[in-house]
Amino acid sequence: MYVSDELHAAGLDVAYANPVDACVGHGGCDTDEWINKVVLGPNGDGDFHEGDPYAACTAVYGIGQTCLSREAFHPDNAGTTGYEHVVENALTAIGYTGA
């Protein structure tokens, strides 16, 4: 039994929004990419900083010490909009109209 089956049996409506089809053609090597490639940081307080445990930091020739940002390999602005449409469509499909 899946968790969603257990939740449904408990009277909660649960649905899964699969983004795979919407993301086809928007990978890191596609022209209309929705995902960041390598992003160096830190780019804010929530990012990796030198000395953080488990941080992916290294010396980069010509730059100095830098860390791989948590933004790397995550959706960019177009990607988050793409995911938004996937979720909106899934909510419409199950008849959700808002709280």
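## Terms and model

A residue is called buried when its relative accessible area is under 20%, exposed when the figure is over 50%, and partly exposed in between. These words are used throughout the report, including for the outward face of helix α3, where Asn77 and Thr92 are exposed.

The structure is a predicted model. Its mean pLDDT is 85, and 96% of the residues score at least 70. Confidence is lowest in strand β2, with a mean of 76, and highest in helix α2 (residues 20-23), with a mean of 94. Where pLDDT is low, predicted coordinates should not be read in detail.

## Helix α1

Helix α1 covers residues 3-9, and Ser4 is found in it. Ser4 has a relative accessible area of 32%. This value falls between the limits of 20% and 50%, so Ser4 counts as partly exposed. The C-alpha atom of Ser4 is 12 Å from that of Ala17, a residue 13 places away along the chain.

## The loop between α2 and β1

His26 lies in the loop that joins α2 to β1. Is His26 buried or exposed? The relative accessible area of His26 is 17%. The cut-off for a buried residue is under 20%, and therefore His26 is buried.

Leaving out residues up to four places away in sequence, His26 touches Asp32, Glu33, Trp34 and Ile35. With Asp32 there is also a polar contact: a polar atom of the His26 side chain lies 2.7 Å from the backbone oxygen of Asp32.

## The sheet

Three strands make up an open sheet, arranged in the order β1-β3-β2 with antiparallel pairing. Strands β1 (40-41) and β2 (57-60) are at the edges; each has a single partner strand, so one side of each has no neighbour in the sheet. Strands of a sheet pair through backbone hydrogen bonds, in either a parallel or an antiparallel way.

Strand β3 covers residues 64-68 and pairs with β2 over four bridges, in the antiparallel sense. Within this part of the sheet, Ala59 stands opposite Gln65 of β3.

## Two backbone features in loops

Pro42 is in the loop between β1 and β2. The peptide bond leading from Gly41 to Pro42 is cis, and its omega is near 5 degrees.

Phe73 is placed in the loop between β3 and α3. Phe73 is not a glycine, yet its phi is positive, at about 65 degrees.

## Helix α3

Helix α3 runs over residues 77-93, which is 17 residues. At 1.5 Å a residue the helix should span 24 Å, and the C-alpha atoms at its ends are 25 Å apart, which agrees. Asp76 caps the N-terminal end of α3, with a side-chain oxygen 3.1 Å from the backbone nitrogen of Ala78. After the helix comes Gly95, which has a positive phi near 85 degrees.

Which residues of α3 are buried? They are Gly79, Gly82, Val86 and Ala90. These residues cover an arc of only 75 degrees around the axis, so they lie on the same side of α3. Helix α2 is included in what covers the buried residues. The face turned away from the buried side carries Asn77 and Thr92, which are exposed.

Terms used:
Residues are numbered from 1 along each chain as its sequence is written. This is a predicted model: local features need pLDDT of at least 70, side-chain atom pairs count only at pLDDT 80 or more; totals for chains, interfaces and linings use all residues. Side-chain values use heavy atoms; hydrogens and water are left out. Buried means under 20% relative accessible area, exposed over 50%, partly exposed in between (1.4 Å probe, protein chains only). Two strands pair if DSSP finds at least two bridges between them. pLDDT is the predictor's confidence in each residue, from 0 to 100. The expected span of a helix is 1.5 Å times one less than its number of residues. The arc is that of the directions from the helix axis to the C-beta atoms. Contact means heavy atoms within 4.5 Å. A polar contact is a pair of N or O atoms within 3.5 Å; within protein, one must be able to donate a hydrogen and the other to accept it, and residues adjacent in sequence count only if both atoms are side-chain atoms.
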